[in-house]
Amino acid sequence: MPLKKAKQIKIIPLGGVDESGKNMYVVEVDDEIFVLDAGLMFPEDELLGIDVVIPDFKYLEENKDRVKAIILSHGHEDAIGALPYLLQKVKAPVYGTELTIALAKNSVKEYRKVRFKKFPCN
């Protein structure tokens, strides 16, 4: 089967540019979207009370029917840490090496174990 020639390719960074962590790039090939990495960043000291910083997924949420795949480059938190948050908003197959996928599955499983308690306001 011959490959279809793309008419338009866009690369849009949603995180990871000029920062250490939070890696996420959107690659649009014609009408299809492919996500490269879904990473998080640990906050700087001045962000008191913040546990993790994740990319802004709004563009992907608005175009979730066009997302064809999430591709993970490696298993560090800067590449897979935001995956549990992204998968709540966008349903797409996730691809990576065997080790990366094992680490990503563990990350998603650990995230689901987290329970939030409601505290009454004073």
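This briefing covers the confidence, sheet, core and selected residues of one protein model. The model is predicted: local features need pLDDT of at least 70, side-chain atom pairs count only at pLDDT 80 or more, and totals for chains, interfaces and linings use all residues. Residues are numbered from 1 along each chain as its sequence is written, and side-chain values use heavy atoms, with hydrogens and water left out. An open sheet of 5 strands runs in the order E1-E2-E3-E4-E5. The largest nonpolar core has 19 residues.

**Confidence**

- The mean pLDDT of the protein is 86, and 90% of its residues reach 70 or more. pLDDT is the predictor's confidence in each residue, from 0 to 100.
- Confidence is highest in strand E3, at a mean of 98, and lowest in helix H4 (residues 98–113), at a mean of 86. Helices (H or I, at least four residues) and strands (E, at least two) are DSSP runs, numbered from the N terminus.
- Contact means heavy atoms within 4.5 Å.

**Sheet**

- Pairing in the sheet is mixed. The edge strands are E1 and E5, and each pairs on one side only. Two strands pair if DSSP finds at least two bridges between them.
- Strands of a sheet pair through backbone hydrogen bonds, either parallel or antiparallel.
- E3 and E4 pair in the parallel sense over 4 bridges. Leu36 has Ile71 in E4 as its bridge partner. Val35 stands opposite Ile70 in E4.
- E4 and E5 (residues 94–95) also pair in the parallel sense, over 2 bridges. Here the bridge partner of Ile71 is Tyr95 in E5.

**Nonpolar core**

- A nonpolar core is a set of buried Ala, Val, Leu, Ile, Met, Phe, Trp, Tyr and Cys residues joined through side-chain atoms within 4.5 Å. Buried means under 20% relative accessible area, exposed over 50%, and partly exposed in between (1.4 Å probe, protein chains only).
- Residues with the most contacts inside the largest core are Met24, Val35, Leu60, Val67, Ile70, Leu83 and Leu86.
- E2, E3, E4, helix H2 (77–80), helix H3 (83–89) and H4 each supply at least two residues of this core.
- Beyond four places in sequence, Met24 touches residues including Ile12, Leu14, Val35, Leu36, Phe57, Leu60 and Leu86.
- In soluble globular proteins, nonpolar side chains tend to be buried together.

**Loop residues**

- Lys22 lies in the loop between strand E1 (9–15) and strand E2 (24–29). Its phi is near 60 degrees, a positive value in a residue other than glycine. Lys22 counts as buried because its relative accessibility is 14%.
- Asp30 lies in the loop between E2 and strand E3 (32–36). Its phi is also positive, near 55 degrees. Asp30 counts as partly exposed, at 22% relative accessibility.
- Arg66 sits in the loop between helix H1 (58–62) and strand E4 (67–71). Its side chain makes a polar contact of 3.0 Å with the side chain of Glu28. A polar contact is a pair of N or O atoms within 3.5 Å; within protein, one must be able to donate a hydrogen and the other to accept it, and residues adjacent in sequence count only if both atoms are side-chain atoms.
- Leaving aside neighbours within four places in sequence, Arg66 is in contact with Glu28, Asp30, Asp31, Glu32, Ile33 and Tyr59.

**A buried threonine**

- Thr100 is found in helix H4. Thr100 is buried, with a relative accessible area of 5%.
- Not counting residues up to four places away in sequence, Thr100 touches Leu72, His74, Gly75 and Ile80.
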